[in-house]
Structure formats: C-alpha cells, structure tokens
Amino acid sequence: MTYEEYRRWIIRWFPDVGRGPVLDLVAGSFAGGTAVLFTYPLDLVRTKLAYQVVGSSNSSVKGVLGAEQVYRGILDCFSKTFKEAGIRGLYRGVAPSLYGIFPYAGLKFYFYEEMKLHVPEENKKDIAVKLVCGSVAGLLGQTFTYPLDVVRRQMQVQRLMASNSAELKGTMETLVMIAKRQGWKQLFSGLSINYMKVVPSVAIGFTVYDVMKSNLRVPSRDEAVIGVELNEQSSHTSSLHS
C-alpha cells in the first residue's frame, strides 16, 4: 500500500523524476522503512522467543543467562521488554533494520521492475515469468543486505547474552566487532538457509500482487497517476475560467 502511495507522491511532487526502476527503488525503500516502523516490535518478540533456551541450568549452551526460559509467551515477552526499557526496548535494534530494509526493499523493487522491462510484451502476464523475476529480485536484494540482518538479530538478543550484553552499542560498532572477532564470513552465516525462505517468499509475493491487481482490474500505477494529474489540471483550468 505504502509503496504505491509513495510512488504517486514522488511523481506528483517531483514530476522531473523518471518513471523507471530508479523511482521504484526510492518508493520501495521508503515503503520498506514504513513497514518496519509499524511491525518491528513483533519481529523483536519473535526473535527473542525463538532464541531463548528452554532447559536446565546445566545446559551446554554458553552465554545465555541461566539457560532457561525467560518468556512464557508473546504477551509476557511484550510486557517484560516494555517494563525493562519502555518503548525504546521494543525498538531495540531497529536502526540496523532500517539500514537493511531501505536498500533491501528498494533493491527488491528495483530488480523486479528492471527485469520486467526486458520481458517480451507477450510474456509479461506469464506467472512463471513473474516468479522468476521475483526470485532473482529477492535473491539479489537479500545477498546485498544480509550482514545488516545479522547485526540486527545480535542486537535484539544481546540482553540474553551474558558475555557481551554491554558491548553491542551501535550498528557499525557491532558490524565491525563481528567481522574482527568472528571473521567476515560470520556476517553471511545462515544466508543459504535464508534464501530458502526469502527467495520463494518474494517471488510469490510479487506474483500474487500483480495477478490480484490484474484480476481486480486495479489501474496500473502510471494510469492512476495520470488520472490524478488530469483531474488536477481540469480543476485548475476550471478555476481559471471562473
């Protein structure tokens, strides 16, 4: 929703901007950032619940406080996190999320629209073609921004880590620390597994989005913008005649 709205606003207020993939890059970046700001606390809770260890204090996992269950569920996690650090606690690690989502969402839309430009007109409605374009877009976007995702997750769970809870301060400091202590390969740890989730997710998301717009006969983005511009010109002309 926000991607379409940002795209229209940019065209209306900056008419000199071209309507190619670069516009999709900018609109997609802002749309991704908006989505993160509205949903980040849920992502934080999900990460904490997935990370916590359930077991006895004799667990072999190192660095986890008490190696026991810290949160009983979603609401308990929300409540305890809010009591510990307020709203700021619910948005812990949001900076690297924004740093990552801006280029990721932007590149995702950019690559998808750029690839569609090179598809023959007769094949543009082919679902298989849309899936391929979406898959490549998700793969490239995720590859370029994955290190920031690693930083975000480490910042989210640092309070559960007794060994470095006081060391991870900011995005860049955490990024440098991981590279120095664990090597640059650690910044891409789990990327192959992430491909299995992100690539089909992005491909299906873009494909269903395009197909639903077509089936519901929603005007294309440019048609909608042209309609708005024509209405504005008509209103302006009427006021001048008056």
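**Notes to all figures.** The model is a predicted one, in which local features need pLDDT of at least 70, side-chain atom pairs count only at pLDDT 80 or more, and totals for chains, interfaces and linings use all residues. Residues are numbered from 1 along each chain as its sequence is written, and side-chain values use heavy atoms, with hydrogens and water left out.

**Overview. The protein has 8 helices and 0 strands.** Helices (H or I, at least four residues) and strands (E, at least two) are DSSP runs, numbered from the N terminus. The order along the sequence is α-α-α-α-α-α-α-α. Among the 242 residues, 38% count as buried; buried means under 20% relative accessible area, exposed over 50%, and partly exposed in between (1.4 Å probe, protein chains only). Of the contacts with a separation of 6 or more, 71% are between residues 24 or more positions apart, a contact being heavy atoms within 4.5 Å.

**Figure 1. Helix α2 (residues 21-51) crosses helix α3 (residues 74-90) at roughly 120°.** The two axes come within 10 Å; axes are lines fitted to C-alpha atoms, for helices over the stretch in contact, and angles run from 0 to 180 degrees between N-to-C directions. The angle makes α2 oblique to α3. Angles under 35 degrees count as roughly parallel, over 145 as roughly antiparallel, 65 to 115 as roughly perpendicular and the rest as oblique. The crossing of α2 with α3 is right-handed. A crossing is right-handed if the near helix is turned clockwise from the far one by less than a right angle, and left-handed if anticlockwise. On α2, the contact is made by Tyr40, Pro41, Leu42, Leu44, Val45, Lys48 and Leu49. Ile74, Cys77, Phe78, Thr81, Gly89 and Leu90 make it on α3. By class, the contact has 10 nonpolar, 2 polar and 1 charged residues. Here Ala, Val, Leu, Ile, Met, Phe, Trp, Tyr, Cys and Pro count as nonpolar, Asp, Glu, Lys and Arg as charged, and the others, Gly among them, as polar.

**Figure 2. Helix α4 (residues 94-117) packs on helix α7 (residues 191-215) at an angle of about 60°.** Their axes are 12 Å apart, and the angle makes α4 oblique to α7. From α4, Tyr104, Lys108, Phe109, Tyr112 and Lys116 meet Val198, Val202, Phe206 and Asp210 of α7. This contact divides into 6 nonpolar, no polar and 3 charged residues.

**Figure 3. Helices α2 and α4 pack with their axes 7 Å apart.** The angle between α2 and α4 is about 145°, and α2 passes α4 in a right-handed crossing. The residues of this contact comprise 16 nonpolar, 6 polar and 3 charged.

**Figure 4. Val22 lies in helix α2.** Val22 counts as exposed because its relative accessibility is 54%. Its C-alpha atom is 9.7 Å from that of Phe111, a residue 89 positions away in sequence.

**Figure 5. Asn194 and Ser214 both belong to helix α7.** Asn194 has 15% relative accessibility and so counts as buried. Leaving aside residues up to four places away in sequence, Asn194 touches Gln142, Tyr146 and Val199. Ser214 is partly exposed, with a relative accessible area of 46%. Between the C-alpha atoms of Ser214 and Lys125 there are 9.1 Å, with the two residues 89 apart along the chain.
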